[in-house]
Amino acid sequence: MSLFQLFSRKVYHGSPTNVTNPQSDFNKDSWNEFGPGFYTTEDYKYSLIRGTWKTEDGKPFFVNHYLFLEECVEKYHLAVKTFNLDEEWLQYLIDSYYGRAARYDIVIGPTADDTVRNLLMEYIVNYPHGDYEQFSILLETLKKYVKSTQIQFQTQRAIEKCLKYVGADEIYDVQ
């Protein structure tokens, strides 16, 4: 193992394309749990699921491999926010939906799959001004569905300094 690998962790991004040069505005036109940014996960299987979800039937997709160089966070004084599966995380998701969430260079926290997003959207539609009792019920419900953690790069600087492309697996069929 090289010294380079000691201070990094392998992360993945499932996509219909091979993303050799990620961009912080990669998904700016769609709502994602932490807002615009480039999303990765340490969970290869989850990146497979996300890759197939975004790909047209019959076409290949890619699981892109990167190294997240954690030592760069301190070196470049990047702002990092880490969430647990708790009220703060859920409130951040809601604030992201409304476009009022704080911005960081990197956000690390629980993933939100389609089930989590659907439940969150139901809450936002039914309780636009919030309801603490329903908020607490929603959080307990969401805990059943969150399966992994994601690392989101919100700024191009964070991507350029901390994310190194390693390669990609081109996948035609998941069984």
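What share of the 175 residues of the protein count as buried? The answer is 45%. This is a predicted model.

## Overall make-up

The protein has 7 helices and 7 strands. Along the sequence they follow the pattern α-β-β-α-β-α-β-α-β-α-α-β-α-β. Take the contacts between residues at least 6 apart in sequence: 84% of them join residues at least 24 apart.

The accessible surface comes to about 9600 Å². Carbon and sulfur atoms account for 50% of that surface.

## Confidence

Mean pLDDT for the protein is 87. A value of 70 or more is reached by 89% of the residues. Confidence is highest in helix α7 (residues 156-162), at a mean of 97. Confidence is lowest in helix α1 (residues 3-6), where the mean is 44.

Over residues 1-6, pLDDT stays under 50. The model has 4 contacts beyond four places in sequence for residues 1-6. Where pLDDT is low, predicted coordinates should not be read in detail.

## Helix α4 against helix α5

Helix α4 spans residues 87-97, and helix α5 spans residues 114-126. Their axes come within 11 Å and cross at roughly 70 degrees. An angle from 65 to 115 degrees counts as roughly perpendicular, so α4 is roughly perpendicular to α5.

From α4, the residues in this contact are Trp89, Leu90, Leu93, Ile94 and Tyr97. They meet Val116, Leu120, Met121, Tyr123 and Ile124 of α5. By class, this contact has 10 nonpolar residues, with no polar and no charged ones.

## Helix α5 against helix α6

Helix α5 also packs with helix α6 (residues 132-142). Here the axes lie 11 Å apart, at an angle of about 175 degrees. Angles over 145 degrees count as roughly antiparallel, and α5 and α6 are therefore roughly antiparallel to each other.

On the α5 side, the contact uses Val116, Leu119, Leu120 and Tyr123. On the α6 side are Gln134, Phe135, Leu138, Thr141 and Leu142. This contact has 7 nonpolar and 2 polar residues, and no charged ones. Val116, Leu120 and Tyr123 of α5 also meet residues of α4.

## Thr40 in strand β2

Thr40 sits in strand β2, which covers residues 38-41. Is Thr40 buried or exposed? Its relative accessibility is 2%, so Thr40 counts as buried. The cut-off for buried is under 20%.

Which residues does Thr40 touch, not counting those up to four places away in sequence? They are Val11, Tyr12, His13, Thr149, Gln150, Ile151 and Phe153.

Terms used. Residues are numbered from 1 along each chain as its sequence is written. This is a predicted model: local features need pLDDT of at least 70, side-chain atom pairs count only at pLDDT 80 or more; totals for chains, interfaces and linings use all residues. Side-chain values use heavy atoms; hydrogens and water are left out. Helices (H or I, at least four residues) and strands (E, at least two) are DSSP runs, numbered from the N terminus. Buried means under 20% relative accessible area, exposed over 50%, partly exposed in between (1.4 Å probe, protein chains only). Contact means heavy atoms within 4.5 Å. pLDDT is the predictor's confidence in each residue, from 0 to 100. Axes are lines fitted to C-alpha atoms, for helices over the stretch in contact, and angles run from 0 to 180 degrees between N-to-C directions. Angles under 35 degrees count as roughly parallel, over 145 as roughly antiparallel, 65 to 115 as roughly perpendicular and the rest as oblique. Ala, Val, Leu, Ile, Met, Phe, Trp, Tyr, Cys and Pro count as nonpolar, Asp, Glu, Lys and Arg as charged, and the others, Gly among them, as polar. Accessible areas come from the Shrake-Rupley method with a 1.4 Å probe; for residues, only the protein chains shown count as cover.
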